[in-house]
Amino acid sequence: MADSFQLDLPHRPRRLRRTASRRALVEETILRPADFIAPLFVVEGRAAPDPIKSMPGVFRLGIPDLVKECKALYRLGVPAVALFPKLDPKLKDEEGTQALNEEALVLRAVRAVKKAVPELTVITDVALDPYTSHGHDGVLTPAGDDVANDRTVGILARMAILQARAGVDLVAPSDMMDGRVGAIRRALDAAGHTDTGIMAYSAKFNSAYYGPFRDAVGSAQAAGTRLLSKATYQLNPANRREAISEALLDESEGADIVMVKPAGLYLDIIRDVREVTRKPVAAYQISGEYSQIHAAAQLGWLDLARCRHESLLAIKRAGADMILTYFAKDMAAALK
Ligand code: PBG
């Protein structure tokens with residue numbers, strides 16, 4: 001009786017899910033190694049790779065190991081890396097002065113990578129947090145209770161010129177100061193770097209999920225004195241309209257690529273930004289997004305490879321053209 005029961009259904013969506021080959025035919029979103037940008041942490045010296053406890057499988061690398069890693073990524077089809085320096089705390093000060101040192105660690109790293117793998121796209125962050133003793137992305141006001149916008153932007157513009165001179169393909173302002181994209185574009189052009197692009201961290205939210213990254217670069221705290229809040233410059237996670245207007249502002253100031261960050265918790269924002277701009281959209285799957293998948297996998301609660309794939313697929317499906325992710329190398333290897 002049950003077997004002979006048949007619904008009169010013109011549409012049976014399951015038909016196209018019936019076999020692996022039918023499913024392949026109708027697959028809408030496909031990840032490929034060229035979708036990924038690998039964030040990499042650089043340290044001084046030639047010591048062995050230094051594991052970051054809260055980010056399993058991620059290491060702080062000296063320049064020789066960094067170059068090796070970049071070659072391996074390029075061979076796997078990953079087209080770009082984003083470099084983040086971890087400074088010796090003794091080199092940090094209130095003003096982040098090491099950011100303007102022509103021999104700064106990250107600039108030496110850029111030159112070494114560009115020399116070894118010239119075709120690899122190299123991206124560097126423009127922000128002061130790796131350099132300031134308080135860990136903020138800019139310099140503070142005289143009262144010390146906020147980041148001074150315009151003075152910070154002046155420093156960032158000079159920082160971007162040094163990075164362009166070292167050979168980066170894209171500078172990536174991650175500071176969220178007002179007017180920095182325009183100021184950086186003008187400064188780069190005035191210095192003749194018309195071919196250096198800007199990947200703007202446009203909709204960067206004040207996220208609790210940056211925690212493991214701040215361990216990695218040591219920007220977590222003002223030596224126990226001030227509690228670090230970036231709420232006066234990073235976006236309120238509650239705000240969607242404001243995120244869209246930030247992306248449009250950065251585009252109008254000359255951003256070549258606009259970014260949404262974090263990614264997985266902000267898929268609606270990725271979709272919104274995708275719909276309002278014709279520029280490429282990047283999304284940053286941040287440290288906490290990576291760490292939570294690893295942590296659950298270590299407990300045996302989630303399947304690492306499948307969650308990794310699904311988390312990135314969702315970000316691409318939402319509308320990201322490229323994804324910064326600590327999974328870049330593993331994903332590229334898995335997709336090969
Ligand atoms: C700061 C910066 C941050 C990240 C990249 N650049 C964190 C912050 O704003 O404190 C976070 C990346 C991550 O969590 O993976 N300029």
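**Cavities**

I began with the second largest cavity, whose lining, sorted by class, has nine nonpolar, two polar and two charged residues. I note at the outset that the model is predicted. About 60 Å³ of space lies in this second largest cavity, and of its 13 lining residues I wrote down Leu 83, Phe 84, Pro 85, Asp 125 and Pro 130 as the ones nearest its centre.

How many cavities of 30 Å³ or more does a search of the whole structure find? The search finds three. The largest cavity holds about 120 Å³ of space, and among the 16 residues that line it, Asp 129, Lys 204, Tyr 210, Phe 213 and Lys 261 are the closest to its centre. I sorted the lining of the largest cavity by class as well, and it divides into five nonpolar, four polar and seven charged residues.

Strand S1 (36-42), strand S3 (59-61), helix H2 (63-75) and helix H11 (328-335) each give at least two residues to the lining, which by class comprises 13 nonpolar, two polar and five charged residues.

The second largest pocket has a volume of about 240 Å³, and I listed its lining as Glu 27, Glu 28, Thr 29, Ile 30, Leu 31, His 309, Leu 313, Arg 317 and Leu 335. Helix H10 (residues 304-318) gives the most to this lining, with three residues.

**Packed helices**

For each pair of helices I looked up two values, since packed helices are described by the angle between their axes and the distance between the axes. H2 and helix H3 (residues 105-116) pack at about 40°, with their axes 9 Å apart. Why are H2 and H3 called oblique to each other? Angles under 35 degrees count as roughly parallel and those of 65 to 115 as roughly perpendicular, so the pair H2 and H3 is oblique. H2 passes H3 in a right-handed crossing, and the contact is made by Ile 63, Leu 66, Val 67, Cys 70 and Lys 71 of H2 with Leu 105, Arg 108, Ala 109, Ala 112, Val 113 and Ala 116 of H3. By class, the residues of this contact are nine nonpolar, no polar and two charged.

I then looked at helix H4 (residues 149-166) and H5, which pack at an angle of about 45° with their axes 9 Å apart, and are therefore oblique to each other. The crossing of H4 past H5 is right-handed. From H4, Val 153, Leu 156, Ala 157, Ala 160, Ile 161 and Ala 164 meet Arg 180, Ala 183, Ile 184, Ala 187 and Leu 188 in H5, and the residues of this contact divide into 10 nonpolar, no polar and one charged.

**Backbone details**

Last, I checked two places in loops. The peptide bond from Lys 261 to Pro 262 is cis, with omega near -10°, and Pro 262 sits in the loop between strand S8 (257-261) and helix H8 (267-276). Met 176, in the loop between strand S6 (170-173) and helix H5 (180-190), has phi near 70°, a positive value in a residue other than glycine.

Technical notes: Residues numbered from 1 in each chain as written. Predicted model: local features only at pLDDT ≥ 70, side-chain atom pairs only at ≥ 80, totals over all residues. Heavy atoms only, no water. Helix = DSSP H or I, 4+ residues; strand = E, 2+ residues; numbered from the N terminus. Nonpolar A, V, L, I, M, F, W, Y, C, P; charged D, E, K, R; others polar. 1 Å grid on protein atoms, 1.4 Å probe; cavity = no way out; pocket = protein on both sides within 12 Å on 5 of 7 lines; lining within 4 Å. Points joined across faces, edges and corners; volume = space filled by probe spheres on them. Axes fitted to C-alpha atoms, helices over the stretch in contact; angles between N-to-C directions. Parallel < 35°, antiparallel > 145°, perpendicular 65-115°, else oblique. Left-handed = near helix turned anticlockwise from the far one by under 90°. Contact = heavy atoms within 4.5 Å.
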